[in-house]
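Colleague: I would like to learn how to read a model of this kind. Could you take me through it feature by feature?

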2 protein chains.
Amino acid sequence: METLAEKVLFDTVFGRAETSPRNFACAPKAAPGFGLECSDCEIKGLSVCESLEPDEFELLERIGRTLSFPAKATLFEQGREAPFVSNITSGALRLSKLLPDGRRQVVGFALPGDFLGLAMQPTQLFTADALTPVKICQFSRVGFSDLLDEKPRLTRAMMNMAAHELTLAQDQMVVLGRRTAEEKIASFLIGMRNRYARIHGASVHVPLPMTRLDIGDYLGLTVETVSRMITRMAREKLIVIVPDGVRLLDVPRLEQMAEM
Amino acid sequence: METLAEKVLFDTVFGRAETSPRNFACAPKAAPGFGLECSDCEIKGLSVCESLEPDEFELLERIGRTLSFPAKATLFEQGREAPFVSNITSGALRLSKLLPDGRRQVVGFALPGDFLGLAMQPTQLFTADALTPVKICQFSRVGFSDLLDEKPRLTRAMMNMAAHELTLAQDQMVVLGRRTAEEKIASFLIGMRNRYARIHGASVHVPLPMTRLDIGDYLGLTVETVSRMITRMAREKLIVIVPDGVRLLDVPRLEQMAEM
DNA sequence: CGTCCACTTGACAATCGTCAATAGCAGTGG
DNA sequence: CCACTGCTATTGACGATTGTCAAGTGGACG
C-alpha cells in the first residue's frame with residue numbers, strides 16, 4: 001500500500017523513468033502481521049536474500065516477519081537493545097548518531113534492499129527514523145546469527161554487503177573531510193540518483209524524502225548552507241527544485257563537481 | 001633473512017609484484033623464508049586467523065606468504081589491480097584516497113591485526129603506504145576468496161571484521177562532520193591509544209608514526225591547524241609532545257573532549 | 001656543512017556557521 | 001472558512017573557526 005502510494009507519488013511528481021524500472025513489475029501484497037512471502041518480495045534481486053536457494057527461503061520465513069511503519073516513526077534508538085535485524089523492502093530511513101550536546105551526524109539514508117544490523121551488535125549504534133512509510137523484513141538477531149552459521153552463502157553475501165557499505169563509508173569520509181559545501185551537495189545528489197537507479201531505474205528525477213536539516217547533518221553542513229547551495233545550483237540551472245525532490249539538469253557538470 | 005628483505009625491497013621499488021602477479025596458490029614454492037609460520041604469529045589472537053582450527057592454518061600457509069616493506073614503501077596504489085589481500089602482522093600503514101585535484105583523504109591507519117582487501121575488489125580502492133617498516137601476511141585474492149567458500153567460520157570472521165570496520169568508519173563520519181578541530185585531535189589521540197591498547201596493552205604513551213599532514217588529511221584539517229591544536233593541548237598540559245608521538249597527561253579530559 | 005623535510009608560528013582571508021526575520025504550507029480547531 | 005500553530009525553507013547580515021600564505025626553526029642525513 002505504502003509502496004503503491006510511493007510509486008504513484010514518484011510517477012506523479014517526476015514522470016516516467018528514463019529506462020524501465022526493474023523492481024515494480026508485480027504488485028506486492030500487504031502482509032498482515034506475521035509471516036513472509038519471499039516469493040513475492042519486490043526487492044528479491046537487491047537484498048542479501050538473493051544468495052539463498054528458493055527452498056531456503058522457508059527458513060527465513062520461519063524466523064522473520066514483515067512490519068510496516070508510518071512516516072516519522074522511530075524504528076529503534078541508539079543505545080537501546082537490538083533484538084532484531086532487518087531488511088528494508090520499501091520506503092526510506094534516516095540513520096543518525098547523536099552527540100551528548102545535541103549535535104547530530106546522519107551516517108546514512110537506508111533504501112529498499114539495505115540491511116539494518118550488519119554489525120550484529122546487541123545494542124543499537126545509531127537511531128533509525130522513517131522518512132516515508134516504511135516496510136521491513138525483520139528477524140531476531142540471534143536467530144539470524146544462527147542461520148548464518150548454517151548458510152555459508154548467506155554469510156558470504158552479508159560479508160560482501162558489509163564490505164560494500166564500508167567502501168561507501170570511506171567515500172563519504174572523503175566528502176566530509178575534503179570537499180566544499182557545493183561539492184558536498186553535488187556528490188549527495190549524484191549519489192542519491194545512483195542509489196535510486198538501482199531500485200527504480202535511472203532517472204534525472206531525484207526524490208528527497210529527507211529535510212534540508214537531514215542533508216546538512218549528513219554532509220557536515222548547516223541547514224542554511226544546504227539551502228543556499230541548492231538555491232544557487234537551481235539559479236545556475238544545474239538542477240530544478242520540485243516538490244519532494246530535485247530534477248537534475250546538468251548531470252555531467254554535477255558529476256564533475258562530485259568527482260572522486 | 002637479509003636476502004629476503006632485499007628481494008622484497010627490490011620488488012617494491014621496481015614494481016614487480018603489481019606488473020607480474022604470480023599465483024601463489026598454485027606455485028609450489030618451498031623457498032626458505034617464504035611460507036607462513038602461523039604457530040609463531042605474534043598477532044594470532046587479533047587477526048581473522050583466530051577463527052580457524054589449528055590444522056586449518058595449513059591451508060593458509062599453503063596460499064600465503066609473509067612479506068616485509070621498508071618505511072615509506074607503497075604497498076599498492078588506488079586504481080591499480082588488486083591481486084592480493086593481506087593481514088598486517090607488524091608496523092603501521094597509511095590508507096588514503098586521492099582526489100583528481102590533489103586533495104587527499106586518509107581513510108584510516110592500519111595496524112597489526114588489520115586486514116587489507118576486505119572489499120575483495122579486483123582494483124584497489126585506496127593507496128597503502130608504510131609509515132614504519134611493515135610486515136604482512138599476503139594471500140592471492142582469488143585464492144583467499146575460494147578459501148572463504150570452504151571455511152564458513154573464516155567467512156563469518158571476515159564479516160565481523162568488515163562490520164567492525166564499518167562501525168569505526170561511521171564513528172569517523174561523526175568526527176569529520178560534527179566536531180571542532182580540537183575535538184578531532186582529542187578523538188584521534190584517544191582512538192590511537194585504544195587501538196594500541198589492543199595490541200601492546202594500555203599506555204599513556206601514544207606513538208604517532210604519521211606526520212601532521214597525515215593527521216590533518218585524516219581529520220579534514222590542514223597541517224597548520226593540527227600543529228596549532230597539538231601545541232595548544234601541550235601548553236594546556238593535556239599532553240606532552242615526545243619524539244615520535246605524544247604522552248597523554250589528562251586522559252579523562254581528553255576522553256570528555258572526544259566523547260561520542 | 002648544507003639540504004631537505006617536518007613542524008611551528010604569525011598575519012590575514014574566506015568559507016561556512018550563527019542569529020534573525022520572513023514566507024510558505026499543512027494540519028487543526030473554532 | 002479562516003485564524004492559529006508549527007515546521008520547513010529561504011534569505012540577509014554578521015562573525016568566527018579554520019584555511020591560506022609566508023617565514024623561520026630544528027633535526028636528519030648525505
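**Domains of chain A**

Modeller: Chain A is divided into domain 1 (31-175) and domain 2 (180-258), with bounds taken from an automatic or database domain assignment. This is a predicted model, in which local features need pLDDT of at least 70, side-chain atom pairs count only at pLDDT 80 or more, and totals for chains, interfaces and linings use all residues. Residues are numbered from 1 along each chain as its sequence is written, while chains are lettered from A and ligands numbered from 1 in the order in which they are written.

Colleague: How many residues of each domain take part in the contact between domain 1 and domain 2 of chain A?

Modeller: Two residues are in contact if their C-beta atoms, placed from the backbone, lie within 7 Å. Here domain 1 of chain A gives 14 residues and domain 2 of chain A gives 11 residues. The C-alpha centres of the two domains are 25 Å apart.

Colleague: Which strand gives the most to the side of domain 1 of chain A that touches domain 2 of chain A?

Modeller: Helices (H or I, at least four residues) and strands (E, at least two) are DSSP runs, numbered from the N terminus. On that side of domain 1 of chain A, β4 (93-98) and β5 (104-110) each supply at least two residues, and β5(A) gives the most, with four residues. By class, this side has eight nonpolar, four polar and two charged residues. Ala, Val, Leu, Ile, Met, Phe, Trp, Tyr, Cys and Pro count as nonpolar, Asp, Glu, Lys and Arg as charged, and the others, Gly among them, as polar.

Colleague: Which residues of helix α8 of chain A are buried?

Modeller: A residue is buried if 20 or more other C-beta atoms lie within 10 Å of its own, with C-beta atoms placed from the backbone. In α8 (residues 251-258) of chain A, this holds for Leu254(A), Met257(A) and Ala258(A). They lie on the same side of α8(A) because they cover an arc of only 95 degrees around the axis, the arc being that of the directions from the helix axis to the C-beta atoms. An α-helix has 3.6 residues a turn, so residues three or four places apart point the same way. The buried residues of α8(A) pack against α5 (181-200) and β11 (245-248) of chain A.

**The two chains**

Colleague: Which element supplies the largest share of the side of chain B that touches chain A?

Modeller: The contact takes 32 residues from chain B and 31 residues from chain A. On the chain B side, the largest share, 18 residues, comes from α5(B). That side has 19 nonpolar, seven polar and six charged residues.

**The DNA strands**

Colleague: Which residues come nearest to DNA strand C?

Modeller: A residue is near a strand if its C-beta atom, placed from the backbone, lies within 6 Å of it. Of the 16 residues around DNA strand C, the nearest are Thr225(A), Thr211(B), Arg212(B), Ser227(B) and Thr231(B). The largest share of this surface, six residues, comes from α8(B).

Key:
Buried ≥ 20, exposed ≤ 12 C-beta atoms within 10 Å, placed from the backbone.
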